[in-house]
Amino acid sequence: MTLRYDAGEVITAMVTPFNEKREIDFPAVEKLAKHLINTGSDTILVAGTTGESPTLTHSEEYELLYAVKGVVSGAAKVIMGAGSNCTRTAIESSKKAQELGADAILSVVPYYNKPNQQGMIEHFGAIAKSVDIPIILYNIPGRTGVNMQPSTVAFLAKEYPNIVALKQSFPDMDVITELKAQCPDDFAIYCGDDSLTLPMLSLGAHGVISVASHVVGDEIKSLIHNFKSGQVKAARNMHQKLYPLFKKLFMAPNPVPVKAVLSRLKMFENYVRRPLVELTEIERAELFDVLNDVLKSIDKTPLV
């Protein structure tokens with residue numbers, strides 16, 4: 001079955017590099033985008049939660065999209081996080097993303113005001129009718145306070161052809177079974193948590209929207225390809241090697257740990273916007289110890 005829209009198997013939810021003034025470091029944005037497309041990412045997502053979207057202005061989000069689109073130049077697709085807990089705002093952001101050439105948008109379940117399932121249907125339906133580009137729904141109850149039910153996702157997928165996929169960040173594998181049973185065959189499901197990629201693939205997920213792919217993107221792609229080609233043991237072995245890093249990258253609020261790693265790899269300076277705070281030296285040492293162990297296990301050079 002051909003997907004109604006294929007963003008690839010590894011979508012990286014890209015961090016937003018900041019300089020010392022905690023302004024966007026656009027040279028570092030370009031450097032990071034090039035790194036991602038050279039290390040396994042099929043698509044780059046800008047202005048998602050990992051990109052610290054809650055602290056970005058809309059103008060900054062559009063500038064990020066423009067900058068990354070210019071760098072990848074067809075080598076990868078670029079998605080913009082255009083969700084909001086205000087339907088009007090989400091529509092405006094979605095239209096602007098389309099105008100600026102986004103290949104698709106990621107639209108999160110409205111947070112804080114906690115709509116019911118009918119409210120979600122009306123919210124996403126209004127967005128779908130406002131743009132022509134593909135829409136990936138994003139269900140993450142731990143951040144939004146509400147859970148979009150499989151029946152709601154299925155209704156939206158059947159009603160709106162440009163609602164093409166779901167990023168599911170909820171550790172209940174029964175829900176994946178229900179989604180696959182209820183949604184059209186050409187509707188893609190993406191894992192939203194690196195450590196659940198292999199279990200979700202086994203239930204029919206297409207790929208992952210990843211944080212760890214900043215560091216081990218080629219290995220994540222290898223895991224997915226091995227699983228899909230029937231080399232399940234190889235996929236499981238890679239999962240076991242990467243698992244400690246998957247978990248450690250969430251030792252503090254995302255993207256604080258992965259930014260610390262990328263800073264250590266000389267990609268950019270280690271700054272996050274408040275209210276997030278950088279890791280302590282003790283936390284950094286703990287993270288780097290785990291990273292070094294993982295790098296050794298996959299035959300890569302440990303950090304100096």
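How close do the axes of helix H6 (residues 150-159) and helix H7 (residues 173-182) come, and at what angle do they cross? They come within 9 Å and cross at roughly 30 degrees, the axes being lines fitted to C-alpha atoms, for helices over the stretch in contact, with angles running from 0 to 180 degrees between N-to-C directions.

The model is predicted: local features need pLDDT of at least 70 and side-chain atom pairs count only at pLDDT 80 or more, while totals for chains, interfaces and linings use all residues. Residues are numbered from 1 along each chain as its sequence is written, and side-chain values use heavy atoms, with hydrogens and water left out.

As a whole, the protein has 12 helices and eight strands; these are DSSP runs numbered from the N terminus (helices are H or I, at least four residues; strands are E, at least two). The radius of gyration is 18 Å, close to the 19 Å that the globule rule gives for 304 residues, so the protein is as compact as a globular protein of that length. Here the radius is taken over C-alpha atoms, and the rule is 2.2 Å times the number of residues to the power 0.38. The C-alpha trace spans about 55 × 45 × 35 Å along its principal axes. Of the 304 residues, 57% count as buried (under 20% relative accessible area; exposed is over 50% and partly exposed in between, with a 1.4 Å probe and protein chains only). Among contacts (heavy atoms within 4.5 Å) between residues at least 6 apart in sequence, 71% join residues at least 24 apart.

On the H6 side, Pro-150, Ser-151, Val-153, Ala-154 and Lys-158 meet Val-175, Glu-178, Leu-179 and Gln-182 of H7. A second pair, helix H2 (residues 58-72) and helix H3 (residues 87-99), packs at an angle of about 25 degrees with axes 11 Å apart. H2 is therefore roughly parallel to H3, and their crossing is right-handed. His-58, Tyr-62 and Leu-65 in H2 meet residues of H3 including Thr-89, Glu-92 and Lys-96.

Met-120, in helix H4 (residues 117-130), is buried with a relative accessible area of 0%. Leaving out residues up to four places away in sequence, Met-120 touches Val-109, Pro-115, Val-146, Asn-147, Met-148 and Thr-152. The C-alpha atoms of Met-120 and Asn-147 are separated by 10.0 Å, with the two residues 27 apart along the chain.

The loop between helix H11 (256-264) and helix H12 (281-297) holds Asn-270, which is buried at 15% relative accessible area. Lys-266 is also found in the loop between H11 and H12; Lys-266 is exposed, at 65%, and has a positive phi of about 70 degrees although it is not a glycine. Pro-275 lies in that loop too, and the peptide bond to it from Arg-274 is cis, with omega near 20 degrees. Most residues other than glycine have a negative phi, and most peptide bonds are trans.

Key: Parallel < 35°, antiparallel > 145°, perpendicular 65-115°, else oblique. Left-handed = near helix turned anticlockwise from the far one by under 90°.
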